[in-house]
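Hi everyone, thanks for coming. I'd like to walk you through one model today, so let me put it on the screen.

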Amino acid sequence: MPELPEVETTVKGLQKVLNRIFVYVWTDSPKLIKKPGFNQFEKEIKNKKIKRIWRRGENIIFELSDGYSLLVHQKLTGHFLIGNWELKTESWEPLKTGALGERVNHYIHLMFRLDNGLMLALSDLRKFAKAELWKTESLVEELSSLGPEPLEKEFTFNKFKEIVKNRKIKIKQILMDQKLIAGIGNIYSDEILWRAKIHPFESGAELSEKELRDIYKYIKPVLNQAIKLKGTSVSDYRDIKGEEGQFKKLIKVYQKENEKCSRCGTKIKRKKMGGRSAHFCPTCQK
DNA sequence: TGCAGTGTTGCTTC
DNA sequence: CGAAGCAACACTGC
């Protein structure tokens, strides 16, 4: 599910577990806990208080007491749910209700019981999501290898130009590379480039100053608008209340192969780029 | 029925 | 060094 707007939406929803304490953790896929092993994870996270919940790129970070931080990356289909359902002695009884009903239950692979009785659950159809428990200090250092946050003031046009210029890789790949710019993925790179009228296969080094300005001009507005609409729902993505994101109404090219470009009527094309799909209008994106 | 495609990342290979 | 391919997994849709 997640690119910056979806993760931002999730982080906002998660604020309601601020100051809560982890009292119990359950998983049916210990493999999703990458650091440390599950047993140690369980031992260390117990009784830690959630002091701050924030986002860096597509990563969700729960800053905990005693100098620990829990990092969750939702990858393709992960999403958090908060509920007040009960824990039975023998088995967990996750959501009886909810946007996707029983379907959701089946995909919950990690659950935390909080000190006020609420459950914090991670649902993840494809099981690509990861959770890691770090010492906050080393996590901060780790995260510093990510590119700048595109919505921060410091992400100026000059900064953007510096990142793109002289890079021979395709502009869409530059936008999606988390080490260059953090938080933009397949959907929003397609959407930004359509608005800027730039072909996704254009190499960064070959873009003119004007073209760079056109791209830059749309990065923040597209992301901000998507945040306002709580992101884009593709298949299983839901916000923390189980609601779908509404940005899909404003999607112009992503997954719209063979539909007409709303600007010029040409059929939208899909073309492979390194195992992913790029969607674009072959007429207005040059 | 089978296979290509799906929001991401990270490893291996050339 | 870069780029490409593929694997992690489960499901949908043509």
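**The sheet, the cores and the DNA**

Let's start with the open sheet: it has 5 strands, in the order β2-β9-β5-β4-β3, and the pairing is mixed. Do keep in mind that this is a predicted model. At the edges you'll find β2 (33-35) and β3 (50-56); each has a single partner strand, so one side of each is left without a neighbour in the sheet. On average, neighbouring strands here are turned by 20 degrees against each other, direction ignored.

Isoleucine 33 has alanine 131 in β9 as its bridge partner. Helix α1 (residues 4-14) packs on the sheet and touches β3 and β4 (59-64), with its direction at about 170 degrees to that of β3.

Now, the cores. Which residues touch the most other members of the largest nonpolar core? Among its 31 residues, those are Phe62, Leu70 and Phe112. Beyond its neighbours within four places in sequence, phenylalanine 62 contacts several residues, including Leu14, Ile50, Tyr68, Leu70, Phe80 and Leu120. There is also a second, separate core of 30 residues, with Phe155, Ile163, Tyr188 and Tyr216 among them.

Finally, DNA strand C. There are 8 residues around it, and Lys31, Leu125, Arg126, Lys127 and Ile169 come nearest. Arginine 126, in turn, has a polar side-chain atom 2.8 Å from a base oxygen.

Notes
Residues are numbered from 1 along each chain as its sequence is written. Chains are lettered from A and ligands numbered from 1 in the order in which they are written. This is a predicted model: local features need pLDDT of at least 70, side-chain atom pairs count only at pLDDT 80 or more; totals for chains, interfaces and linings use all residues. Side-chain values use heavy atoms; hydrogens and water are left out. A nonpolar core is a set of buried Ala, Val, Leu, Ile, Met, Phe, Trp, Tyr and Cys residues joined through side-chain atoms within 4.5 Å. Buried means under 20% relative accessible area, exposed over 50%, partly exposed in between (1.4 Å probe, protein chains only). Contact means heavy atoms within 4.5 Å. Two strands pair if DSSP finds at least two bridges between them. Helices (H or I, at least four residues) and strands (E, at least two) are DSSP runs, numbered from the N terminus. Axes are lines fitted to C-alpha atoms, for helices over the stretch in contact, and angles run from 0 to 180 degrees between N-to-C directions. A residue is near a molecule or strand if one of its heavy atoms lies within 4 Å of it. A polar contact is a pair of N or O atoms within 3.5 Å; within protein, one must be able to donate a hydrogen and the other to accept it, and residues adjacent in sequence count only if both atoms are side-chain atoms.
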